[in-house]
Amino acid sequence: MLQIGKGADLAAFLADPLREIWVLKAAQAQRSHVEDSIRRHPCDVDQATERRGSPHALVCAKNQVSFERRLAQCKSDLENRARLVSPTN
């Protein structure tokens, strides 16, 4: 991920376990650049543009999509393992 300018701000937000929301008030080009960075990298971040005031704001909120996907996979793996090791009647 970018480590300069707004990319560094995004990286700091992602690394901070206590921050759930980050708001970037910036010109369209900067907001689009950050949105592209989020799409290019596997970030668990929901994003929306708040169109009040000027400049508009990009609101980023952390989510747990990849955690929930891994949790579902683990549950499926454990169920499959239980079927494999249980004695058949």
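**Exercise 1. Salt bridges**

How many salt bridges does the structure hold, and which residues form them?

*Solution.* 
1. The structure holds 2 salt bridges. This is a predicted model; local features need pLDDT of at least 70, side-chain atom pairs count only at pLDDT 80 or more, and totals for chains, interfaces and linings use all residues. Residues are numbered from 1 along each chain as its sequence is written, and side-chain values use heavy atoms, leaving out hydrogens and water.
2. Aspartate 36 pairs with arginine 39 at 2.8 Å, N to O.
3. Glutamate 50 pairs with arginine 52, with the closest N and O atoms 3.3 Å apart.

**Exercise 2. Setting of the pairs**

Classify aspartate 36 and arginine 39 as buried, partly exposed or exposed.

*Solution.* 
1. Apply the cut-offs: buried is under 20% relative accessible area, exposed over 50%, partly exposed in between (1.4 Å probe, protein chains only).
2. Aspartate 36, at 33%, is partly exposed.
3. Arginine 39, at 56%, is exposed.

**Exercise 3. Asparagine 63**

Locate asparagine 63 and list its contacts.

*Solution.* 
1. Asparagine 63 sits in the loop between S3 and helix H3 (65-85).
2. Contact means heavy atoms within 4.5 Å.
3. Beyond its neighbours within four places in sequence, asparagine 63 contacts Asp44, Val45 and Asp46.

Definitions and conventions
Helices (H or I, at least four residues) and strands (E, at least two) are DSSP runs, numbered from the N terminus. A salt bridge is a side-chain nitrogen of Lys or Arg within 4 Å of a carboxyl oxygen of Asp or Glu.
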